[in-house]
Amino acid sequence: MVSLRLPLILLSLLAISFSCSAAPPPVYDTEGHELSADGSYNVLPASPGHGGGLTMAPRVLPCPLLVAQETDERRKGFPVRFTPWGGAAAPEDRTIRVSTDVRIRFNAATICVQSTEWHVGDEPLTGARRVVTGPVIGPSPSGRENAFRVEKYGGGYKLVSCRDSCQDLGVSRDGAGAWLGASQPPDVVVFKKARPSPPD
C-alpha cells in the first residue's frame, strides 16, 4: 500500500509545482491575437462614445508631454509598445501577460526630442498623479515610476500603475484636455494592432 501511495504523492507534488510556475495568461488584442513586445498597439476605449485613443499633449509647459486622450473617437492616437519591466523580453517569450510588470512607450517621435516612455508623476500644483512621457525627474526610492500592468477588467482591460503601490488608471477631464492618471473607477480599454503607415 505504501509503495502505491508514494507515486501518487509525487504526482500531486509535480502538479502543484507546475500550477505554481505556470505563466499568467496573455493579453489579447481586438482581433484575438496575443500582445507581443514586437508589436505596436493603439489603446482605445472598450465602448464607443468615450473618446478616442491615447496620445501625447502638453499641459502647462511645452515639455514634457503628458499621456492624454483624443476627444474625437475617430482618432486612434499614437501606438504604444510594451516591454517587460525588468528588461528586454526573453527571445523565447515575447508575449505580454496580465498582472505582469511592463514598461510602456509611444512608438512616435515628438518635438520634445526625448524618450516617449511612460512614467507616473505628481503635479506640483494639484498633487494629482498623472502619466507623463520622458525621463523621470527626482525618482522615488522604489524607482518604479515606469512600472505598469495590464489587468482584465469589465469585458476588456485596465491599465495599472505600480509605482509604490498599484493604482488603477483612468482619464480625467478639465478645461485643458483629458489626462491619464490615477482614477477610480478605471477606464476599460482594448488594444488594437497598429497597421504600418503606407509609403508616401
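**From a pocket to a cluster of rings**

Author: The second largest pocket holds about 270 Å³ of space, a volume being the space filled by probe spheres set on grid points joined across faces, edges and corners. This is a predicted model, in which local features need pLDDT of at least 70 and side-chain atom pairs count only at 80 or more, while totals for chains, interfaces and linings use all residues. Residues are numbered from 1 along each chain as its sequence is written, and side-chain values use heavy atoms, with hydrogens and water left out.

Seventeen residues line this second largest pocket, and those nearest its centre are Pro 45, His 50, Gln 69, Asp 187 and Val 188. (On a 1 Å grid over the protein atoms alone, a pocket is an open set of points where a 1.4 Å probe fits, with protein on both sides within 12 Å along at least five of seven lines, and lining residues have an atom within 4 Å of a point.) Two elements, β1 (41–45) and β10 (166–174), each give two or more residues to that lining; strands are DSSP runs of E, at least two residues long, numbered from the N terminus.

A search of the whole structure finds five aromatic pairs, meaning rings of Phe, Tyr or Trp (its six-membered ring) with centres within 6.5 Å, called stacked if the planes are under 30 degrees apart, edge-to-face if over 60 and tilted otherwise.

(Buried means under 20%, exposed over 50% and partly exposed in between, for a 1.4 Å probe and protein chains only.)

Phe 106 also pairs with Trp 118, in a tilted arrangement with centres 5.6 Å apart and planes at 50°. Because Phe 106 lies in strand β5 and Trp 118 in strand β6 (residues 118–122), this pair ties together parts that are 12 residues apart in sequence. Trp 118 counts as buried too, with a relative accessibility of 1%. Taken together, ring pairs link Phe 78, Phe 106 and Trp 118 with Phe 148 into a cluster.

Note on methods. Helix = DSSP H or I, 4+ residues; strand = E, 2+ residues; numbered from the N terminus.
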